[in-house]
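Subject: Structure handover

Hello,

Here is the structure I promised to pass on. Please open it first, then read my notes below.

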Amino acid sequence: MNPERPLWRTALSPRWTALLLLALAIAGVMSVLGVWQLDVYRSKTAEATAKQALAAPIPLQSLFSVDEGLPAKAVGRRVTVAGTWGPAADQVFITDRRNGSQNGFWVVSPVKLDSGAVMVVRGWVASVNDPAAVAPTGPVQLSGSVVASEAADSSGDAARGRVLSSLRIPTLVHMVDYRLYDAFVVQTSLESGTVPSPAPAAVTPPAPPTDHAGLRNVAYAFQWWIFAAFTLWMWARMVLDAHRGSAEDDEDLPDQDRPTESVASSGTVSA
């Protein structure tokens with residue numbers, strides 16, 4: 001009996017080689033379509049994020065109320081705040097904040113509104129005793145960007161004074177006697193009110209969170225890549241089935257149809 005035919009001989013036969021080239025071409029097209037769908041998703045996401053960042057400022061109260069938690073859609077939104085600066089004693093400082101190569105503090109002051117108050121990051125100072133850190137008073141109208149509370153807990157700092165390690169509303173609500181909005185506003189401009197001199201250095205608001213628009217395109221991208229892998233898998237499966245079928249056909253041949261061996265007169269075996 002002849003030894004079993006190797007699988008690679010079946011795979012490299014003209015028929016299966018031609019089908020492999022066709023499968024590779026189809027899989028390649030599907031892979032490109034998947035990449036294209038991913039690019040569409042990125043384009044939509046970048047466009048939606050930029051649109052959010054460039055939207056005209058709106059009053060903070062129109063986004064959510066003091067009784068609500070911060071909605072995700074409000075983070076990074078540009079807003080206007082009109083009210084009165086709160087008590088100087090309620091001003092806090094956030095440590096370990098950079099301004100270029102210098103380390104210092106963010107100055108955070110409350111602005112009282114018709115209902116509750118919002119904590120405003122007025123700027124950066126080198127030390128808590130900096131003249132620019134003096135709390136302002138009187139009516140104020142400003143604009144800025146909404147930011148969410150930071151993750152790190154600073155409740156332990158609150159028990160020791162007004163210098164905190166992180167920017168967190170859950171910490172500050174226990175340090176004032178009025179309700180606070182569940183967000184901070186990083187001041188970008190001051191439209192009216194007392195302009196402190198010197199003033200804290202401006203703080204750049206964090207980049208708005210990515211608006212994941214077009215998530216359906218991500219699903220389409222993965223579908224195309226799965227189809228591409230399935231095409232190659234089907235080719236491999238068909239080759240394996242063809243190889244097994246060929247081996248079974250050889251086993252079913254009658255003995256007289258199998259190649260025989262004869263002994264030559266010289267004593268050697270010949271087929």
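Which strand gives the most to the lining of the second largest pocket? Strand 8, residues 180-193, does, with four residues. Keep in mind that this is a predicted model.

More on that pocket. The second largest pocket holds about 200 Å³ of space. Its lining counts 14 residues. R122, Q187, L190, A199 and P200 are the ones that lie nearest the centre. Sorted by class, the lining has nine nonpolar residues, four polar ones and one charged one.

Now the chain as a whole. The protein chain has 271 residues, and 35% of them are buried. Six helices and ten strands make up its list of elements. The accessible surface is about 15,800 Å². Carbon and sulfur atoms own 59% of that surface. Take the contacts in the chain with a separation of 6 or more: 65% of them join residues 24 or more positions apart.

Next, strand 3. This strand covers residues 92-99 and includes D96. D96 is not a glycine, yet its phi is positive, at about 55°. Is D96 buried or exposed? D96 is exposed, because its relative accessible area is 59%, and the cut-off for exposed is over 50%.

R97 is also placed in strand 3. R97 has a relative accessibility of 11%, so it counts as buried. Buried means under 20% here. What does R97 touch, leaving out residues up to four places away in sequence? Q102, N103, G104, F105, W106, W124, E150, S165, S166 and L167.

S166 counts as buried because its relative accessibility is 1%. A polar atom of the S166 side chain lies 2.6 Å from the backbone oxygen of A152. Beyond its neighbours within four places in sequence, S166 is in contact with I94, R97, E150, A152, D153 and S154.

Helix 2 runs over residues 14-54 and holds I26. Helix 6 runs over residues 215-252 and holds M234. How far apart in space are I26 and L232, C-alpha to C-alpha? The distance is 9.1 Å, although 206 residues separate I26 and L232 in sequence.

I26 is at 35% relative accessibility, so it counts as partly exposed. M234 is at 30%, so it counts as partly exposed too. Partly exposed is the range between the buried cut-off of under 20% and the exposed cut-off of over 50%.

To go through it yourself, start with these places:

- Strand 8, for its four residues in the pocket lining.
- D96, for its positive phi.
- S166, for the 2.6 Å approach to the backbone oxygen of A152.

Best wishes

Note on methods. Residues numbered from 1 in each chain as written. Predicted model: local features only at pLDDT ≥ 70, side-chain atom pairs only at ≥ 80, totals over all residues. Heavy atoms only, no water. Helix = DSSP H or I, 4+ residues; strand = E, 2+ residues; numbered from the N terminus. Buried < 20%, exposed > 50% of the residue type's maximum accessible area, 1.4 Å probe, protein only. Contact = heavy atoms within 4.5 Å. Areas by Shrake-Rupley, 256 points an atom, 1.4 Å probe, with all protein chains shown as cover. 1 Å grid on protein atoms, 1.4 Å probe; cavity = no way out; pocket = protein on both sides within 12 Å on 5 of 7 lines; lining within 4 Å. Points joined across faces, edges and corners; volume = space filled by probe spheres on them. Nonpolar A, V, L, I, M, F, W, Y, C, P; charged D, E, K, R; others polar. Polar contact = N/O pair within 3.5 Å; in protein donor to acceptor, adjacent residues only side chain to side chain.
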